[in-house]
Amino acid sequence: MFDLGTHGFLWLAALSLIPTRVFCSSAEIPDVPSIATYFGTKTRYEEVKPNLLRDPLTVNTSVLRPPPGEFCTPFHVTAVIRHGSRFPTIKNIRRIHRLSELLQNEGSRTSESSAGWLDELRNHWEPWYTEDMDGRLVRKGREDLQFLAQRLATLLPSLLSEENVRKRRIHFVTSSKHRCVSSVEAFQEGLQQHWSCHDSAQGYNHEVDDELMRFFERCRGYVESVENNHTALLEVEKFKHGKEMQAVRKRLAEKLGLSLHLLTPDLVEAAFFICSYELSIKSIHSPWCFLFDESDAKVLEYSFDLKQFWKRSHGHLISSLSSCPLFHHIFRTLDKAGRPRRSTETGPEPASVLVGHAETLIPLISLLGLYKDQTLPTASNYHSQHGRRFRIIPYAANLLFILYDCQRGPRLQLLINETPLRFPNFQTEDAPLYRDVRAAYRYLLDGCDFKTECERKPEGRGPNTEL
């Protein structure tokens, strides 16, 4: 997670908020497991933005931060968004069924725990997941994107305006995966709902572009040296079989009355994921959640973070370089939006919305130089990594590039999950001049060629130690 919940975003609740309407009283907010902030990429967006549990349309307009002494107006936004909450993929559905069968067939009735939740697991809980669900967007996932669209329309009303929605001046791009196509459609529905548009039956155009949104599949250097290279994730495997995970396995085996050798690390993860899925899909506190205390959850979260760090992020340089096509696309879009025009020319495209995956956002965020720690996370330094900056993005995570028209020239502000984030070379400015940001990334804009980086032989592509 990127500073999720108790990891650093709870202060958002104290900011000045603009309530649009109240959806539920505090008594109606569902019971949330204490471990809900540790689910890695299976985390609900509400764990990043806890105020949304009370009102999913709450907007904090103070996140827009052009220089206070300079008159500025937003005139373009590029949004890179992860799909909303989804069903498990087939791999995890099969693990869930194996775990359920193991508990029914092998679980001892004389385990150390006689808690009611354990009785519920054994006698009442059934694995309701079917393989045809395979990562598809759930109803909650559609709401994730609908509400996000409405909040962004409130935050940037001149860009995601009713006129721009009606005239279809907003450009939409998505991955071909069903959950992403459904997410972009839900985002469009959210805009139409916000502006009370009545022509939604006509649909809304979107472009499917896997070269842009699933670049990681097309980068041969990445596929060969990381995706299909068992040594690339060596730190992850070492941690999964290390002392911290072994201790979690032992505690769970005792609680469930299972032989330790039957409860593999993958099945421990499956039990943890059931807790996350039941929360993100059904908004319920699953009995599986009671298996884990906070210390267990932190170990599992670290295992997930290690995997994403070494597979998608700073661990191997090719992982972030694989996102060059998306990086260049974003800056081409910003360049075009900020280009001076004659009075007879049409105005800039007000918004570009790109919907993809966690695997889309994490390499891009890494390429931008964000969330870098001084020390690489490894299998052996778990206890010194509790304050790490690198954490995994939730469902519906979003990276917003907002261009302002200012007196001194265009300025660019970056938001992650609707929260300001400063560019690495501009730690004293929320919205530096666009030309300065572009100059700071010139080495990538002039280089970072996808064919050069992805088609060269993978030899010598070791860990990126320049952190």
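Predicted model: local features only at pLDDT ≥ 70, side-chain atom pairs only at ≥ 80, totals over all residues.

Q: How many disulfides does a search of the whole structure find?
A: The search finds four disulfides. With bonded cysteines counted along the chain, their pattern is 1-6, 2-8, 3-4, 5-7.

Q: Let us take Cys72 and Cys406. How far apart are their sulfur atoms?
A: The sulfur atoms of Cys72 and Cys406 are 2.1 Å apart, and the two residues form a disulfide. This pair links distant parts of the chain, 334 residues apart: Cys72 is in strand E1 (residues 72-82) and Cys406 in strand E5 (residues 398-406).

Q: Is that disulfide right-handed or left-handed, and why?
A: The disulfide of Cys72 and Cys406 is right-handed, because the torsion about its S-S bond is about 120 degrees.

Q: And is Cys72 buried or exposed?
A: Cys72 is buried, at a relative accessible area of 14%. Cys406 is buried too, with 7% relative accessibility.

Q: Changing topic: what does Cys275 pair with?
A: Cys275 is joined to Cys289 by a disulfide, with an S to S distance of 2.0 Å. Cys275 lies in helix H11 (residues 265-282) and Cys289 in the loop between H11 and helix H12 (294-312), so the pair ties together parts 14 residues apart in sequence.

Q: Which cysteine is joined to Cys324?
A: Cys324 is joined to Cys448, S to S 1.7 Å. The torsion about their S-S bond is about -80 degrees, so this disulfide is left-handed. Both Cys324 and Cys448 are buried.

Key: Residues numbered from 1 in each chain as written. Heavy atoms only, no water. Disulfide = S-S within 2.5 Å. Helix = DSSP H or I, 4+ residues; strand = E, 2+ residues; numbered from the N terminus. Buried < 20%, exposed > 50% of the residue type's maximum accessible area, 1.4 Å probe, protein only.
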